[in-house]
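Reader: Can you walk me through this structure? I'd like to start with the ligand.

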Amino acid sequence: MSWIQRRSRAIAPAALIAAASLVLAACGGDDDDGGNGEGAQEIPTGDASGELEFFSWWTGGGDSEGKEALLQLFEEQYPDVGVVDAAVAGGAGTNAQAVLASRLGSGEPPDSYQRHAGAELLSDIQDGFVEDVSWLFEEEGWMDVYPEALLEQITVDGGIYSVPVNIHRSNLIWWNPAVLAEAGIDAPPASWDEFLTQAEALEAAGKTPLTVGPLWTQEHLLENVLLGELGPDAYAGLWTGDTDWESQEVTAALDMFTQVLEHSNLGQAAADWQPAIDPVVDGDAAYNVMGDWAWAYFETVQGLAFEEGYNVTESPGTEGMFNWLSDSFTLPVDAPNRDNAVRWLQLAGSQEGQDTFNPVKGSIPARTDPDSSLYTGYFEMPLEDWSNPDTAIVGSLAHGAVADNAWKGEIDSALQEFVGSGDSAAFAAAVAQAYEDTRP
Ligand code: GAL
């Protein structure tokens, strides 16, 4: 059976569909709210010239290499277009999104900008900041090569407002094999309870069990502790109103998060995700929970070999689950160089573009037709799991798949307090209340 067939069957579980209905419900079915598709709905012909201002948060080591590979391909194809790389530093786009909000608000969009596929795009659609590019999906035959359930996830009132370039996995734990060996640990923890036991051995050996960085990395950890403790159905229900945040089960999972953090370097949390990984690389710490952009950091930036210098598996308690997120690119309304933006999106959605980008970035293609010979080593695991029909697929909070920006903003603030106080009940109540308050 081909990978394409296996994969398109694989990603239609209830959790993904539920997330899609959250997106649809949030848009209220008002056709006039969306981007208006002002420009010509056709691929530009003729010579390309002028500029392409490309906006992302891919700057540091491990984030920028994939971007550069893709921009280089664009430059080869369009040598007379000047690419302006308007990246704003800061993992997960926390700083970039603030800059972007002010540019979009003042009518100064770049030619194309990065957004996570899913709920994160809703407010841009509602504010009319982005064009519907479903015509490009039709023109390029992408309706047949993007997985059906992903297309459903990014379709709002019949429109599609961004082009996904990849699938990243959130629920991963990375470790330094030498550190585990030194502490007499054979294998990474299969549950967070087991992590707590291992943490004591690691601390006795003078090692930091787990490292963290800024708030978004703590949120990344939180979502994966919740997933590991609650399982995929209850986790998915957190984002649709089906799981009660204030239930005993969720409170217990939140208490576990606090206990896990007690075995981290929270007090000296690093400024971004790369320096948070450094103590693991240096042998001072054992574990880091991070998405698979970390692969590019371990491999390309640090030059370590998979399974020798570093290793990785599903974060505790999440075997058989795939917590997904996707980087996607938009066609802003009033993009100054719209034709070049369309050319860029055409490349980002192409097989060549995705096979150039993903083996460098640490992600797998959003399309179902990759050249699988390019995805060896670490990549075999996400490719296999993403395409396995038995995998439970759920979406990431920290990376924009499941909560719209209004609710996520409230969760971020509540989390800031929670990591200081450890008060699970107060956090759960704040998140549940914010859900009610931010429904459109
Ligand atoms: C994620 C993004 C990834 C990677 C990471 C760290 O939000 O989807 O592509 O860039 O942040 O910056």
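Author: One term before that: a polar contact is a pair of N or O atoms within 3.5 Å. This is a predicted model, so local features need pLDDT of at least 70, side-chain atom pairs count only at pLDDT 80 or more, and totals for chains, interfaces and linings use all residues. Residues are numbered from 1 along each chain as its sequence is written, and side-chain values use heavy atoms, with hydrogens and water left out.

Reader: Fine. How far is the polar side-chain atom of D327 from an oxygen atom of the ligand?

Author: The distance is 2.6 Å. For K361, a polar side-chain atom lies 2.8 Å from a ligand oxygen. W57 has a side-chain N or O atom 3.4 Å from one.

Reader: And how much of the ligand does the protein bury?

Author: 100% of the 310 Å² that the ligand exposes when taken alone. Those are accessible areas from the Shrake-Rupley method with a 1.4 Å probe.

Reader: How many residues surround the ligand?

Author: 13, with a heavy atom within 4 Å as the cut-off. The closest are D63, H116, D327, K361 and H399.

Reader: What's the split by class?

Author: The shell has 6 nonpolar, 4 polar and 3 charged residues. Asp, Glu, Lys and Arg count as charged, and Gly is among the polar ones.

Reader: New topic. Which domains does the chain have?

Author: Domain 1 is 51–168 + 325–389, and domain 2 is 172–324 + 398–437. The bounds come from an automatic or database domain assignment. Their contact (heavy atoms within 4.5 Å) takes 33 residues from domain 1 and 26 residues from domain 2.

Reader: Where does the ligand lie relative to them?

Author: Between them, because both domains give residues to the shell around the ligand.

How values were computed
Polar contact = N/O pair within 3.5 Å; in protein donor to acceptor, adjacent residues only side chain to side chain.
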